[in-house]
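Dear colleague,

Please find below the structure that I am handing over to you, followed by an account of what was found in it.

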Protein chains: 2
Amino acid sequence: MPVAIKVSEETFTPRQQAVLTAALDLLVENGDGLTMTAVARRASCSKETLYKWFGDRDGLLTATVQWQAAKVRMPVVDRSHLSARTLRLSIEQFARDLLTVIVGEVSVTLNRTAVTHAAQEKDSLGLIVLENGPLAIRRRLKPILEAGRDARLLRFESSEDAYRTFFGLVVRDVQIRLLLGDKALTQSNIEANIEVDVKAATDQFFTLFGAKASNA
Amino acid sequence: MPVAIKVSEETFTPRQQAVLTAALDLLVENGDGLTMTAVARRASCSKETLYKWFGDRDGLLTATVQWQAAKVRMPVVDRSHLSARTLRLSIEQFARDLLTVIVGEVSVTLNRTAVTHAAQEKDSLGLIVLENGPLAIRRRLKPILEAGRDARLLRFESSEDAYRTFFGLVVRDVQIRLLLGDKALTQSNIEANIEVDVKAATDQFFTLFGAKASNA
DNA sequence: GTCGAACCGTACCGTACGGTACGCCAGCAG
DNA sequence: CTGCTGGCGTACCGTACGGTACGGTTCGAC
């Protein structure tokens, strides 16, 4: 019943994690058709146990999404010695991580689930995904950006705006098209271009916010 | 049963349009909870009529989304005399239209519905939204961009890439956050900033693709 | 007026699924 | 061995909702 957002790792027993894995698998393959019976069967446990552990269907869904979303850990970049080169590499790495995650099947499924959920006045899943997706990136990227600015390598007024522009340059229309099921965007199709796109986005970002650029 | 995508305006009688309006209203206010009974009651018609007209629930949903999506008509910009000033105004207008639409409650609802639908192997709604959303903009913007390039006002290699970057600069993370139900983005909150954001996005686009810029 | 078509309102059916109850079998304490 | 606890499997209940059937009403054709 509590709608609290757990940022800390909820401690799940291995058995419970197996159940969550089963639930996630079902989500990914069956889309929205996640039924308690199906999870119970897949995980070889009883429905009663599910209800005991997770309260209700929403609880199971929340636990699954949260548990999985928390797994997406962006590699922390080294900030200690910030040269133009390392800054660029860091930002490029962020772009690569962001795009790789967003393109992944699990991410698409989780986002779809959360959006579906949000279409019913229940925003908890949306918040979790938001928290572990865009906002997590923002939290990690912002310090880098600000360090870059302090080192006179970047120029911008609001790190928030800089971050959001970065997001836009990297993600473009890929995410919404994936969520909408655009068949023209196959997994392999995108992955083949990730490096090119990451490079292009990084270039554009530096064109806009590099110290020598005017971004009036 | 046919999943054909009707691009042409399906000819609906006024009565049928009233029904579709009712369905859309319910969709917007009740989120996903669109039931045939509710539509029938709201539109003061019988369920039998609904099934007669639209076949099944999916048919009604499709008709609603398609009918509404087709209403989003981007104003056609004048291409006849293309100066640096008119080009900029055109692109700025596109940015404004795009952002205004995407931020709208109806758009959010339609996109959520389509995403939910796409989460169940049914991609028809997603295709419709895609077709009338991003792709419609692309179809209209691309000629402008190419005209700008022909007039040596813009510089890019692929108009597709230019368009997608434009999309990213304008939309950034707004759409996904709205879809996920981010409470921090209230309607008024966004609308107050639309002009600023539009201006910024246009500036950035010209920085990246203006004739004098390097977009290596 | 009669006839028929379109349509409203409502009762009804079947099913899927969330949630609960219960019987049964470990495994372990004593 | 007995008894207890945790968890599996399954049968079950209630409800919501998609879809159908049917009686009643309006309205135009003739």
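In this predicted model, helix H8 (residues 134-150) of chain B packs against helix H9 (residues 159-171) of chain B at an angle of about 120°, their axes being 10 Å apart. H8(B) is therefore oblique to H9(B), oblique being what remains once angles under 35 degrees (roughly parallel), over 145 (roughly antiparallel) and 65 to 115 (roughly perpendicular) are set aside. Axes are lines fitted to C-alpha atoms, for helices over the stretch in contact, and angles run from 0 to 180 degrees between N-to-C directions. Helices are DSSP runs (H or I, at least four residues), and strands likewise (E, at least two), numbered from the N terminus.

On the H8(B) side, the residues that meet H9(B) include Ile137(B), Leu141(B) and Leu145(B); their partners in H9(B) include Ala162(B), Tyr163(B) and Phe166(B). Contact means heavy atoms within 4.5 Å.

In chain A, the UniProt annotation "DNA-binding region", from an unreviewed entry, covers residues 35-54. That span is 80% helix and 0% strand, and its end C-alpha atoms lie 14 Å apart.

Leu26(A) belongs to helix H1 (residues 14-30) of chain A. Beyond its neighbours within four places in sequence, Leu26(A) is in contact with Gly31(A), Leu34(A), Ala38(A), Val39(A) and Arg42(A).

Residues are numbered from 1 along each chain as its sequence is written, and chains are lettered from A and ligands numbered from 1 in the order in which they are written. Local features need pLDDT of at least 70, side-chain atom pairs count only at pLDDT 80 or more, totals for chains, interfaces and linings use all residues, and side-chain values use heavy atoms, with hydrogens and water left out.

Yours sincerely

Terms used: UniProt positions renumbered as here; feature names shortened; annotations may be inferred.
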